[in-house]
Amino acid sequence: MTSPATPYEAQATETTRTTRIRRGTALLITLVAVVVLAILSTGAVLGAMQDFRAGRNTLVEQRAFAVAEFGLNQEISKWDRARNLPAPKGMAIGAIDSTNVFVAQGDTARVRVQRLTETTFWVVSVGRANIGNGALESQRQTHMVVRIAYPTINPGGAIVTAGNIDVKGSAQITGTNTNPVGWTQCANIAGRDTFAISYATGKTATIQKPNMVTGGINQSAAAADSNTYVRYGTESWNTLVANADITLPAGNLGPEPVGTATTCDLSNTSNWGEPLRSGNGYIAGCTDYFPIIYAGGSLQLTKGRGQGILLVNGDIRLAGNFQWFGLIIARDDITKGNGTFDMWGSIMSRNANVNDGNDIVGNSSFNWSKCAVESALRGSAILTRTKERSWVQLY
């Protein structure tokens with residue numbers, strides 16, 4: 001007969017049973033913890049990868065946008081003014097001109113320019129970026145509508161003056177619209193005849209040889225108005241001076257075109273464009289260059305040739321063999337001395353010094369040319385944004 005267990009033996013037996021029941025629990029808990037940690041780690045890695053990819057994609061998108069903006073701004077800042085002219089020299093309405101702009105590391109901007117009207121253009125830039133990986137390419141497109149802001153000037157004659165004018169000798173002045181030889185854009189610029197000389201009411205015009213003047217002379221209130229010489233529609237004397245391509249002091253000058261058959265040196269202040277279309281010394285690369293030239297004081301031209309808009313803050317003295325195509329506006333007087341001066345366009349003198357007058361003597365020809373004036377106005381025009389909704393990002 002077995003004797004009953006003592007209390008100590010009973011307690012030992014219970015402890016042994018508990019220990020046997022809990023054996024392996026630590027391993028199970030460890031396995032569960034490992035699985036949980038693995039799941040959390042995997043989630044963290046996947047989340048980090050997603051954040052990285054999202055950040056990388058955003059970076060590529062922003063880079064593509066920056067490339068598109070770069071191409072857009074570069075095209076506008078380096079605008080080819082030849083586009084401003086009418087066809088065939090410039091762009092026809094509806095015509096498209098495309099160019100590729102390389103940026104860096106495979107990023108490119110493709111820019112397209114389309115002419116909408118005579119004065120407005122649509123510029124579209126498509127930027128592509130891939131940060132060195134073609135599979136991660138992003139594309140953005142921006143647009144801008146711009147217009148050419150050129151002055152509205154309608155001279156009332158080959159010579160327009162607010163003062164007296166005295167024409168002597170063999171000077172020939174004609175208000176008959178005359179196209180410069182070889183200027184192909186003139187076919188799309190409508191022009192009409194005007195007066196040979198338009199002068200202010202209350203002033204006098206003395207013509208020694210009336211047979212040398214074609215188109216007659218006309219007293220005009222517009223010629224007497226000082227605003228005629230300083231306000232030009234949306235532009236003014238001050239805005240043209242501010243946008244001048246060439247700024248010079250007073251002096252004696254003889255400009256000549258500088259360039260080659262395909263290039264034009266725009267950094268040379270003696271280069272005032274190439275108005276000729278053939279002949280000895282003809283510089284084909286400068287035919288589309290119509291600069292705005294501003295002289296800070298009286299200017300004397302003794303030789304050479306040029307085209308565009310010439311602003312003279314003083315007298316304009318024509319003392320040598322010089323050819324000009326476009327528009328000349330002088331704050332004071334016109335003086336034509338020795339030598340031969342040939343002009344196609346118009347010359348205007350404000351005669352700010354009321355005690356002076358304009359003296360035209362010697363061999364010279366002043367030919368009214370709507371084409372020369374309009375080409376100078378358009379060719380020298382700057383770009384500006386349209387007033388409303390000029391820029392948009394399409395995608």
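This is a predicted model: local features need pLDDT of at least 70, side-chain atom pairs count only at pLDDT 80 or more; totals for chains, interfaces and linings use all residues.

Colleague: How many disulfides does a search of the whole structure find?
Modeller: A disulfide is a covalent bond between the sulfur atoms of two cysteines. One joins Cys-186 to Cys-371, with an S to S distance of 2.0 Å. Another joins Cys-264 to Cys-286, at 2.1 Å. The search of the whole structure finds 2 disulfides.

Colleague: How many residues apart in sequence are the parts tied together by Cys-186 and Cys-371?
Modeller: Cys-186 lies in the loop between β7 and β8. Cys-371 lies in helix α6, residues 370–379. The pair therefore ties together parts that are apart in sequence by 185 residues.

Colleague: Is Cys-371 buried or exposed?
Modeller: Buried means under 20% relative accessible area. Cys-371 has a relative accessible area of 1%, so Cys-371 is buried.

Colleague: Is the disulfide of Cys-186 and Cys-371 left-handed or right-handed?
Modeller: Look at the torsion about the S-S bond. The value is about -85 degrees, so this disulfide is left-handed.

Colleague: And is the disulfide of Cys-264 and Cys-286 left-handed or right-handed?
Modeller: Here the torsion about the S-S bond is about 105 degrees. That makes the disulfide of Cys-264 and Cys-286 right-handed.

Colleague: Where do Cys-264 and Cys-286 lie?
Modeller: The pair ties together parts that are 22 residues apart in sequence. Cys-286 is buried, with a relative accessible area of 0%. Cys-264 and Cys-286 each lie in the loop between β15 and β16.

Colleague: What is the pairing of the bonded cysteines, numbered in sequence order?
Modeller: Cys-186 bonds to Cys-371. Cys-264 bonds to Cys-286. In sequence order, the pairing is 1-4, 2-3.

Colleague: Now the rings. Is the pair of Trp-183 and Phe-325 stacked or edge-to-face?
Modeller: The whole-structure search finds 9 aromatic pairs. In this one the ring centres are 5.7 Å apart and the planes lie at 25 degrees. Planes under 30 degrees apart count as stacked. So the pair of Trp-183 and Phe-325 is stacked.

Colleague: Which strand holds Phe-325?
Modeller: This pair links distant parts of the chain, 142 residues apart. Trp-183 sits in the loop between β7 and β8, and both Trp-183 and Phe-325 are buried. Phe-325 is in strand β18.

Colleague: Is the pair of Trp-237 and Tyr-294 stacked or edge-to-face?
Modeller: The two ring centres are 6.3 Å apart. The planes meet at 85 degrees, so the pair is edge-to-face.

Colleague: Which helix and which strand do Trp-237 and Tyr-294 tie together?
Modeller: Trp-237 is buried, and so is Tyr-294. The two parts are 57 residues apart in sequence. They are helix α5 and strand β16.

Colleague: Which residue has its charged end over the ring of Trp-79?
Modeller: There are two such contacts to describe here. Arg-112 has its charged end over the ring of Trp-122, 5.3 Å from the centre. Over the ring of Trp-79, 4.8 Å from its centre, sits the charged end of Arg-83.

Colleague: Last one. What is the volume of the largest cavity?
Modeller: The search finds 1 cavity of 30 Å³ or more. Glu-235, Leu-240 and Ile-292 are among the residues that line the largest cavity. By class, the lining has 6 nonpolar, 2 polar and 1 charged residues. The volume of the largest cavity is about 50 Å³.

Terms used:
Residues are numbered from 1 along each chain as its sequence is written. Side-chain values use heavy atoms; hydrogens and water are left out. On a 1 Å grid over the protein atoms alone, a cavity is a set of points where a 1.4 Å probe fits but cannot get out, and a pocket is an open set with protein on both sides within 12 Å along at least five of seven lines; lining residues have an atom within 4 Å of a point. Grid points are joined across faces, edges and corners, and a volume is the space filled by probe spheres set on the points. Ala, Val, Leu, Ile, Met, Phe, Trp, Tyr, Cys and Pro count as nonpolar, Asp, Glu, Lys and Arg as charged, and the others, Gly among them, as polar. Rings of Phe, Tyr and Trp (its six-membered ring) pair if their centres lie within 6.5 Å; planes under 30 degrees apart count as stacked, over 60 as edge-to-face and the rest as tilted. Helices (H or I, at least four residues) and strands (E, at least two) are DSSP runs, numbered from the N terminus. Buried means under 20% relative accessible area, exposed over 50%, partly exposed in between (1.4 Å probe, protein chains only). A charge sits over a ring if NZ of Lys or CZ of Arg is within 6 Å of the ring centre and within 35 degrees of the ring normal. A disulfide is a pair of cysteine sulfur atoms within 2.5 Å.
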